[in-house]
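Please examine the sequence and the model shown below. The paragraphs that follow lead through a loop, a pair of helices and a hairpin.

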Amino acid sequence: MPQQKNRLLALVLGEFLGIFGADRFYLGKWKSGIVKALTLGGLGVWWFIDNALMLLDAFLFSLGKDSGIVKDANGQDLRYGLSLCRLKNGRLQRDWFDTGA
């Protein structure tokens, strides 16, 4: 099973290099990454929508939602939210430095 992609890295790539499809390439979505790069992020519209969805996905994950809006090319959820801890079942849990044990 491939390792989960990092939601924060995808968000940063999308914000700064998303107009060239860097976020799509990172998530393994090569075909749409090429189209996004050739159209300069769909003239900015595609870039904006992708970033809005990734930011919303990161907020919802930090608030306890396990299944995200944005997936990688294999349909796998991304890991990490916007904060060191996330709210899950009414309790704060470590997120960024969680060992998964």
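Leu82 has a relative accessibility of 29% and therefore counts as partly exposed, a class lying between buried (under 20% relative accessible area) and exposed (over 50%), with a 1.4 Å probe and protein chains only. The model is predicted: local features need pLDDT of at least 70, side-chain atom pairs count only at pLDDT 80 or more, and totals for chains, interfaces and linings use all residues. Residues are numbered from 1 along each chain as its sequence is written, and side-chain values use heavy atoms, with hydrogens and water left out.

Leu82 lies in the loop between H5 and S1; helices (H or I, at least four residues) and strands (E, at least two) are DSSP runs, numbered from the N terminus. Leaving aside residues up to four places away in sequence, Leu82 touches Leu8, Leu11, Leu55, Ala58, Phe59, Ser62 and Trp96, where contact means heavy atoms within 4.5 Å. Between Leu82 and Asn51 there are 14 Å in space, C-alpha to C-alpha, and the two are 31 residues apart in sequence.

Asn51 also takes part in the contact of two helices. The axes of H1 (residues 7-17) and H5 (residues 45-62) come within 10 Å and cross at roughly 155°; these axes are lines fitted to C-alpha atoms over the stretch in contact, with angles from 0 to 180 degrees between N-to-C directions. H1 and H5 are therefore roughly antiparallel to each other, a term for angles over 145 degrees. From H1, Arg7, Ala10, Leu11, Gly14 and Glu15 meet Trp47, Asn51, Met54, Leu55, Asp57, Ala58 and Phe61 of H5. The residues of this contact comprise seven nonpolar, two polar and three charged; Ala, Val, Leu, Ile, Met, Phe, Trp, Tyr, Cys and Pro count as nonpolar, Asp, Glu, Lys and Arg as charged, and the others, Gly among them, as polar.

The loop between H5 and S1 also holds Ala73, which is partly exposed at a relative accessible area of 46%. Not counting residues up to four places away in sequence, Ala73 touches Leu27, Gly28 and Lys29. Ala73 and Asn89 are 16 residues apart in sequence, yet 29 Å apart in space, C-alpha to C-alpha.

Asn89 belongs to the hairpin of S1 and S2, which has two residues between the strands, and adopts a positive phi near 55°. S1 (residues 85-88) and S2 (residues 91-94) run antiparallel and are joined by four bridges; strands pair if DSSP finds at least two bridges between them. Arg86 has Gln93 as its bridge partner in S2.

Definitions and conventions. Parallel < 35°, antiparallel > 145°, perpendicular 65-115°, else oblique.
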